Amino acid sequence: MQPVFSVIVPCYNEEEVIRETHKRLTKTMREMGEPYEILYVDDGSRDDTAQILRELSDEDANVRAILFARNAGHQSAVTAGLDYATGDAIVIIDADLQDPPEVIPLMAEKWRNGAQVVFGQRKKRDGETAFKKITASAYYKILAWMTGGMVPRDTGDFRLVDRKAADVIRGMPEHNRFLRGMFAWAGFKQEAVLYDRDKRFAGKTEYTLKKMLKLAADGIFSFSMKPLKFITLLGLGFLGISGILFLILLIALLFGGGSGLWWIAMLMLLCTGCVLSALGIVGEYIARIYDESRGRPLYIVTEALGFEEN
């Protein structure tokens, strides 16, 4: 039977929580009373997550399991789910139960009333450190300034999207993916569902600071050219400052003042730092161009369980 809802659950080392996640997801989807499928995407886990997903696929006819040959990243795992999903509406939710499955019916109601993208917007963030909350708030402010407010604040990948919106994202082959930005860029009728984010049910997060910084950079460099414009303004600013300092130095020399070599050296160091920073920003864009030009697949599937062809 053709599913109305497809639920995508990216997984990475989630052996401690995945059965509880399946229990709550199954209860929620059954109560909605329409055909559904749950697509678990194992992103190259090093624990027993893949084996548990094999068992769930054998136990539950609504379960599909997509197992990667290597770790490709959260955004690629979600993309694989979008590629394999067959439902009219597609839900994206993480496996750690910080985003409650019980919110899905509220999203489905907005979808039935005409919304094509329904994103979860956090009111509270339980179980997160003060550092995470402060940096997340600062990042969303920077991202809003960089992108003109395109990406709603306090949102993640937890959302329900219509098949039409999902097909648009599937047609965007970029490698450095920032899906919440891609969905915002795609347009369609979008609405929010406010909810309280829970603390992680079990285990520890595998989303390290390095991965969070990578995702943050993807959000900025993929949807804004302002860093490049900032380099131009910075260069013009230093050109003006250097002209003023040159005049000051020239006047000082004419009136017998000191050479001021110490502050000239400091200025050179400052300019060198700015030049290297500018090269780094340009390098980020060039690296992304190179990454796209190689044309490597976003992910490699080693097993796909629970599908009809299997």
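**Exercise 1. Strand S3 and its partners**

Task: In this predicted model, in which sense do strand S2 (residues 36-42) and S3 pair, and over how many bridges?

Solution. Step 1: Look at S2 and S3 side by side; they pair in the parallel sense, over five bridges.
Step 1: Val 41 has Ile 66 in S3 as its bridge partner.
Step 2: Now follow the chain between the strands.
Step 3: Turn to S8. S3 and S8 pair in the antiparallel sense, over four bridges, and the bridge partner of Leu 67 in S8 is Glu 303.

**Exercise 2. The two faces of S3**

Task: Which residues of S3 lie on one side, which on the other, and are they buried or exposed?

Solution. Step 1: Start with a general idea: side chains in a regular strand alternate between the two faces of the sheet.
Step 1: Sort the residues. Val 63, Ala 65 and Leu 67 are on one side, while Arg 64, Ile 66 and Phe 68 are on the other.
Step 2: Check the cover. Both faces are covered, with all of these residues buried. For strand S3 (residues 63-68) that gives six buried residues of six.

**Exercise 3. Salt bridges**

Task: How many salt bridges does the count come to, and which parts does the pair of Arg 24 and Glu 102 tie together?

Solution. Step 1: Keep in mind that side chains of opposite charge can pair when their charged atoms come close. The count for the model is 12 salt bridges.
Step 1: Take the side chains of Arg 24 and Glu 102, which form a salt bridge at 2.8 Å, N to O. Arg 24 lies in helix H1 (residues 18-32) and Glu 102 in the loop between strand S4 (89-92) and helix H4 (104-112), so the pair ties together parts 78 residues apart in sequence.
Step 2: Ask about the surroundings. Arg 24 has a relative accessible area of 21%, so it is partly exposed; Glu 102 is partly exposed too, at 40%.
Step 3: Lys 27 and Glu 31 form a salt bridge with their closest N and O atoms 2.7 Å apart. Both of them lie in helix H1, four residues apart, about one turn of the helix. Lys 27 and Glu 31 are both exposed.

**Exercise 4. Aromatic pairs**

Task: Why is the pair of Tyr 84 and Phe 307 called tilted, and why is the pair of Phe 158 and Tyr 195 called edge-to-face?

Solution. Step 1: Note the total; the whole structure holds four aromatic pairs.
Step 1: For Tyr 84 and Phe 307, the ring centres are 5.2 Å apart and the planes are at 50 degrees, so this pair is tilted. Tyr 84 is in helix H3 (residues 74-84) and Phe 307 in the segment after strand S8 (301-305), so parts 223 residues apart in sequence are tied together. Tyr 84 is partly exposed, at 25%, whereas Phe 307 is buried, at 12%.
Step 2: For Phe 158 and Tyr 195, the centres are 5.4 Å apart and the planes are at 85 degrees, so the pair is edge-to-face. Phe 158 belongs to strand S6 (residues 155-162) and Tyr 195 to strand S7 (residues 190-197), 37 residues apart.
Step 3: Finish with accessibility. Phe 158 is buried at 2%, and Tyr 195 is buried at 4%.

Technical notes:
Residues are numbered from 1 along each chain as its sequence is written. This is a predicted model: local features need pLDDT of at least 70, side-chain atom pairs count only at pLDDT 80 or more; totals for chains, interfaces and linings use all residues. Side-chain values use heavy atoms; hydrogens and water are left out. A salt bridge is a side-chain nitrogen of Lys or Arg within 4 Å of a carboxyl oxygen of Asp or Glu. Buried means under 20% relative accessible area, exposed over 50%, partly exposed in between (1.4 Å probe, protein chains only). Rings of Phe, Tyr and Trp (its six-membered ring) pair if their centres lie within 6.5 Å; planes under 30 degrees apart count as stacked, over 60 as edge-to-face and the rest as tilted. Two strands pair if DSSP finds at least two bridges between them.
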